[in-house]
Amino acid sequence: MQINSFSTQETITRKKDYDKIIERDRGKLLMSQFKLRDAGVPVIILVSGGQTSGYTRVMNLLNEWMDTRFIQTHVHRPDSDEEADRPYFWKYWRQFPAAGSTGLFLGGWYTQPFLERLHGKCDLSCFRKRITGIKEMEQLLAVDGALIVKIWLHLDYNQKQQNKEEATNNRPESTWQVTMDDWQGDFTYDKKMELVSELTESTHKPHAPWFKVDATDANTCDVSVMHLLTKVFEEHLQRGSSDTSAVNGTPLPEVTQKPLDRIDLKVKLKRSLYKEKMAGFWESIYVKAWQAHQRKQSVVIVLEGSDAAGKGGSIRRLIHCLDARLYQVIQIAAPTKEEKSRHYLWRFWMQIPRAGFLTIYDRSWYGRVLVERVENFATEEEWKRAYAEINHFEKQLTESGIIVLKFWLQISKKEQMKRFKKREKTDYKQYKLTDEDWRNRKKWDEYADAVNDMVAYTDTDYAPWHLVSAEDKKNARVSLLEAVETALAAHEPESEPVPVAEPLPESEAGLESSG
């Protein structure tokens with residue numbers, strides 16, 4: 001799909017014409033920004049373009065014309081150590097604006113794939129996989145209410161060369177590339193523009209459009225960008241949302257085979273065998289976790305399950321097998337005000353571990369299709385599309401090398417009541433039993449339907465579900481630890497030395513506890 005070209009209808013021949021138009025129209029842009037803020041719309045503006053196209057000037061002007069109290073500007077830079085240790089999109093999720101705010105991106109998530117492909121560091125398969133990830137991410141943001149507008153500042157070859165000779169951009173050769181261009185590389189203009197066209201046209205969607213603005217004349221370019229944004233802002237306000245008409249709305253297939261029916265709740269484990277296995281896990285998992293740390297292999301472990309199914313006890317047994325310096329446990333509660341102002345996956349992206357560390361989630365992003373579905377905290381449209389969004393999220397994690405392990409711990413309704421009664425009578429366990437637990441119990445069948453759908457729609461090759469019979473706590477704990485041990489062993493090189501637990505460097509010690 002060919003991207004849109006946009007140019008102001010104004011004729012600008014003198015600086016006086018430019019000044020007059022800016023003075024007359026900049027207020028319209030500002031007022032549109034305020035309306036979007038009042039409407040709680042997160043705005044994402046991405047500016048890119050060829051070398052010497054004037055993108056730095058345009059970014060500065062946008063900050064001047066709009067209210068900078070509600071804008072954060074982000075310039076593409078080489079990854080920091082912290083960013084390199086996490087999935088590619090992690091740093092951009094950190095930067096995406098909250099409801100009512102604007103994120104202004106120079107280059108953004110398009111720059112690195114473009115340059116890597118241009119320099120031969122990424123083959124065609126890798127490049128197109130990155131494009132797919134970009135399209136999925138932008139769709140996910142747009143259907144959640146974000147306004148996305150992407151601007152390419154275009155120069156033809158002759159103008160580009162003239163600007164380069166005149167050094168209009170004043171960019172030192174030693175600086176990093178901030179947009180889809182290259183300062184020192186020996187690449188032809190045609191080769192670059194061919195790649196630009198493939199990238200922009202394949203990611204040009206109604207909900208995340210590209211606009212090409214002629215950057216030959218600086219004054220006309222600036223006014224065009226101002227008028228373009230004003231137009232897009234006003235259209236969004238009139239429509240009330242992004243144009244997601246082209247987003248695939250294929251109905252979910254009916255779940256006919258219930259995954260929970262496959263769980264044998266009669267399974268029990270003898271105490272002698274339980275003790276033997278647990279003793280073996282302590283050394284095996286401890287060593288394997290340190291080996292994973294040394295090869296910078298991250299692990300994300302998700303624990304979901306029926307109320308009182310023993311998630312807390314299973315987590316305690318797991319962390320007993322780990323070095324406290326290598327993991328953090330995240331207990332998920334209701335989202336904060338800050339978290340509610342962003343996409344529901346934002347807070348989980350923020351907690352992704354650095355390379356070589358483990359994060360254990362006690363409850364997780366699956367709350368979207370469980371409690372938020374059953375308790376009507378999310379609309380039917382929101383929780384139904386969440387299955388694909390979650391699969392996309394987990395795919396991004398696994399493609400970056402993270403091991404994702406997901407567990408559902410299941411008990412019977414009768415066993416749950418037995419455990420609830422025991423908690424009522426045990427002083428140090430009474431805090432675990434809440435009014436919410438009793439309310440959830442009344443909706444047992446509704447939660448069962450939600451769990452069956454969740455497993456059916458999100459059980460993938462790259463992040464499969466482990467359905468655990470937790471009627472017997474010993475069996476649940478051993479099943480979980482066996483799966484963790486197996487996953488760590490599956491990613492070991494053929495020959496790997498047993499690590500010695502040396503103190504972590506000061507730059508890493510305590511890093512995970514700070515998030």
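In strand β4, Thr-102 is the bridge partner of Val-43. Val-43 belongs to strand β2, residues 43–49, and β4 covers residues 102–106. The two strands run parallel and are joined by 5 bridges. The model described here is a predicted one.

β2 and β4 are part of an open sheet of 6 strands with parallel pairing, and the strand order is β1-β6-β5-β2-β4-β3. At the edges lie β1 and β3, the latter made of residues 71–75, and each of these two pairs on one side only. From one strand to the next, the twist averages 25°. Helix α2, residues 55–65, packs on this sheet and touches β2, β3, β4 and β5. The direction of α2 makes about 165° with that of β4.

## Pairings of strand β6

Strand β6 spans residues 210–214 and pairs with β1, residues 4–6, in the parallel sense over 3 bridges. Within this pairing, Phe-6 stands opposite Val-213 of β6.

β6 also pairs with β5, which runs from residue 147 to residue 154. This pairing is parallel as well and extends over 5 bridges. Here Trp-152 stands opposite Lys-212 in β6.

## Five-stranded sheet

Another open sheet holds 5 strands in the order β8-β9-β7-β10-β11, again with parallel pairing. Its edge strands are β8 (327–331) and β11 (465–469), each of which pairs on one side only. The twist in this sheet averages 20° from one strand to the next.

Inside the sheet, β7 (residues 299–305) and β9 (residues 358–362) pair in the parallel sense, with 5 bridges between them. Ile-301 stands opposite Ile-360, a residue of β9. Helix α19, residues 473–490, packs on the sheet and touches β7, β10 (403–410) and β11. The angle between the direction of α19 and that of β10 is about 165°.

## Helices α10 and α19

The crossing of α10 past α19 is left-handed.

## Helices α6 and α8

A further helix pair is formed by α6, residues 124–143, and α8, residues 189–202. Their axes come within 10 Å and cross at roughly 35°. α6 passes α8 in a right-handed crossing. The contact is made by Leu-124, Phe-127, Arg-128, Ile-131 and Lys-135 from α6, together with Leu-195, Glu-198, Leu-199 and Ser-202 from α8.

## Cysteines

The structure holds 1 disulfide. It is formed by Cys-122 and Cys-126, whose sulfur atoms are 2.2 Å apart. The link of Cys-122 and Cys-126 is left-handed, with -110° about the S-S bond.

Residues under 20% relative accessible area are classed as buried, and those over 50% as exposed. Cys-122 is buried because its relative accessible area is 3%. Cys-126, at 30%, is partly exposed. Cys-221 has a relative accessible area of 0% and is therefore buried. Cys-321 also counts as buried, with 1% relative accessibility.

## Overall picture

The protein has 19 helices and 11 strands. Of its 515 residues, 54% count as buried. Among contacts between residues at least 6 apart in sequence, 84% join residues at least 24 apart.

Note on methods: Residues numbered from 1 in each chain as written. Predicted model: local features only at pLDDT ≥ 70, side-chain atom pairs only at ≥ 80, totals over all residues. Heavy atoms only, no water. Pairing = 2+ DSSP bridges. Helix = DSSP H or I, 4+ residues; strand = E, 2+ residues; numbered from the N terminus. Axes fitted to C-alpha atoms, helices over the stretch in contact; angles between N-to-C directions. Contact = heavy atoms within 4.5 Å. Disulfide = S-S within 2.5 Å. Buried < 20%, exposed > 50% of the residue type's maximum accessible area, 1.4 Å probe, protein only. Left-handed = near helix turned anticlockwise from the far one by under 90°.
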